[in-house]
Amino acid sequence: MSTLREIRTPADPARGEQARPPRFTRKQINTAIWFAVLMASTAIVLYPLVWLLVSTFKDNSEFGQNQGLIPNDPTFDNYAKVFEGIAGVPMWRFFANSTVIAVAATFGTLLSSSMAAYAFARIRFRGVGIFFAAMIGTLLLPFHVVIIPQYIMFNNLGMIDTYWPLILPKFLATEAFFVFLMVQFMRGIPREMDEAARVDGAGHVRTFASIMLPLIQPALVTSAIFSFIWTWNDFLAPLMYITSPDKYPLPIALRLYNDQTSTSDYGATVTASFIALIPILLFFLVFQRFLVAGVATQGLKG
Amino acid sequence: MTSTVPRAAEATESLGEPQGSSKRSPRNETQRSRHWRENLAGYGFLTPWLIGFFGLTLIPMAYSLYLSFTSYNIFSPPEWIGFDNYARMFEDPVYVNSVKITAIYVLVGVPIKLAAALGVAMLLNYRDRGAGFFRSSFYAPSLIGASVSVAIVWRAMFSTDGPVDDTLSFFGLEIGGWVGNVALVLPMMILLAVWQFGAPMVIFLAGLKQVPRELYEAADMDGAGPIRKFKSITLPMLSAVVFFNLLLEIIGAFQVFSSAYIISNGSGGPAGMTNFYTVYLYKRAFTDGQMGYAAAMAWVLVIVVAILAFVLFRTSKMWVHYQGDSK
């Protein structure tokens, strides 16, 4: 890209005046090596994804024969097969299920996490310190310690094979990562901004809704993207709670393909895997700056 | 559920409002009512989190601690058996094996992943122009790495006659598929973890950007070589970020589940080599219906992670240098 062009432009024209002009300056050579090393690493890192994309166009018979990046006989058969679905459920249904769960979970996460973060960052009430420490504690807690009691609880509530166990916790700010992210962001906002509103007589609800929420928009966007992607990818919770195939989200549906792979249909498995990744890859392409910035701030201010 | 939460917050708010605005009361009274109002608002806003914290975390933790001392299969009531579950664990060869492979996975995988992350971050920090593209490319695997799709791809890539086998055969290494190979399946899982080095890399990169350039310039003048500069400037200045990444990655690595589950079709095989701690825990709880035993396993995990975090925090005082004031 732009780097390529720069390699050819002399960085240090003064050197060109010398008696024996070197063909390339040391800096240019370094940059070229830098670029080459990174290009090679990128190729290796992204290879599995490129391989996945290409493989969706391979005929079933090519698997195990042709592992290269060019299909012998490009075909859309895999897509046709995958759209038909599996276990009597069409593909769009899995897609829709995943979308419903991820959208609801994301909405719940944003709402509950921003409220909790506002309380932690801006309201001085008794016990705020203890609860904040508890929240940080849950950040590091291996959640496997709660899955069995939660399963028993949701079982007793008759919520097995519904989406409640997947969505309800998100409305209760159980993912401390997002609370923490928003607290950090709110702490970076000058107190004068919302204290002015408070002096003018706005209560906490008004201040939160009309001052704070607009100000933390970048944190909300980052949280929304992460929440969506994590819910979309989540495998353990639907594996535990969802039992009927027509309610399966994509990861569990993929398992149906995966378990059958041993017998035959490699092409369909790979294609379904790719289709499940499309929304995430699109999100990534559109929002990559937000994501990378979100990860970076979370690390540095922590 | 959705709507009750914000409404609860509003209710507390409107309760508090009239008291605060009553200006007739003496100053002391106003002060007290303001505290009262802040408490109400605080707990109002925190209500969803509080319900989640007590209802989905704290009480379940206590309940799972109780279950860990019982024999329980969800159909009949828990039966108190004392420390039996914990005692059985150490005699259970499958458990011991799962601890072993999880430990190898953490102890080998995390350092390699962090080394890759730091190495690439330093490479990216060399130059700003063009680095954004590479940064995003390297970050992508972190985002999708835990997905079922990637587990399926990984399995295909490392299967017999898969791309990896093909490439290695080309160089004369006829080792066949990694997936069914007892010796190679764990390295394959570690490679999958290392492949997701992008998230810690981004954090390292942000840390590197904050290291003052003057330090390197001063070192250059003193004639320090690249290794010396790395050891005396980069690492100490980055130690807080190293600590953060180390803590996060260790805790994350202990909890590896979906990729191992998918790659082994839920079996943890071959020969238990992908039967990671949480995979075995899940199988015990939900396949074998031994929830008491699984709860005991979960508590051992919590204790181990807590001890590790504690040790890390304690020893961090010796090697983590916080800048007095970073901004």
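A residue counts as buried if 20 or more other C-beta atoms lie within 10 Å of its own, as exposed if 12 or fewer do, and as partly exposed in between, with C-beta atoms placed from the backbone. This is a predicted model, in which local features need pLDDT of at least 70 and side-chain atom pairs count only at pLDDT 80 or more, while totals for chains, interfaces and linings use all residues. Residues are numbered from 1 along each chain as its sequence is written, and chains are lettered from A and ligands numbered from 1 in the order in which they are written.

**Stop 1: Thr162(A)**

Select Thr162(A), in the loop between helix 7 (144–156) and helix 8 (164–167) of chain A. Helices here are DSSP runs of H or I with at least four residues, strands are runs of E with at least two, and both are numbered from the N terminus. Thr162(A) has 15 other C-beta atoms within 10 Å, so it is partly exposed.

**Stop 2: where the chains meet**

Show both chains. In all, 76 residues of chain A are in contact with 84 residues of chain B, contact meaning that the C-beta atoms of two residues, placed from the backbone, lie within 7 Å. On the chain A side, helix 15 (residues 266–301) supplies the largest share, 14 residues. That side divides into 50 nonpolar, 21 polar and 5 charged residues. Ala, Val, Leu, Ile, Met, Phe, Trp, Tyr, Cys and Pro count as nonpolar, Asp, Glu, Lys and Arg as charged, and the others, Gly among them, as polar.

**Stop 3: chain B as a whole**

Chain B has 14 helices and 2 strands, and 40% of its 327 residues count as buried. Colour domain 1 (4–67) and domain 2 (88–319) separately; the bounds come from an automatic or database domain assignment. Their C-alpha centres lie 41 Å apart.

**Stop 4: helices 13 and 14 of chain B**

Select residues 277–287 (helix 13) and 291–319 (helix 14) of chain B, whose axes come within 7 Å and cross at roughly 155°. Helix 13 of chain B is therefore roughly antiparallel to helix 14 of chain B, a term for angles over 145 degrees, as against under 35 for roughly parallel, 65 to 115 for roughly perpendicular and the rest for oblique. Show the side chains: Tyr277(B), Leu281(B), Arg284(B) and Ala285(B) of helix 13 meet residues of helix 14 including Met291(B), Tyr293(B) and Leu301(B).

Technical notes: Axes fitted to C-alpha atoms, helices over the stretch in contact; angles between N-to-C directions.
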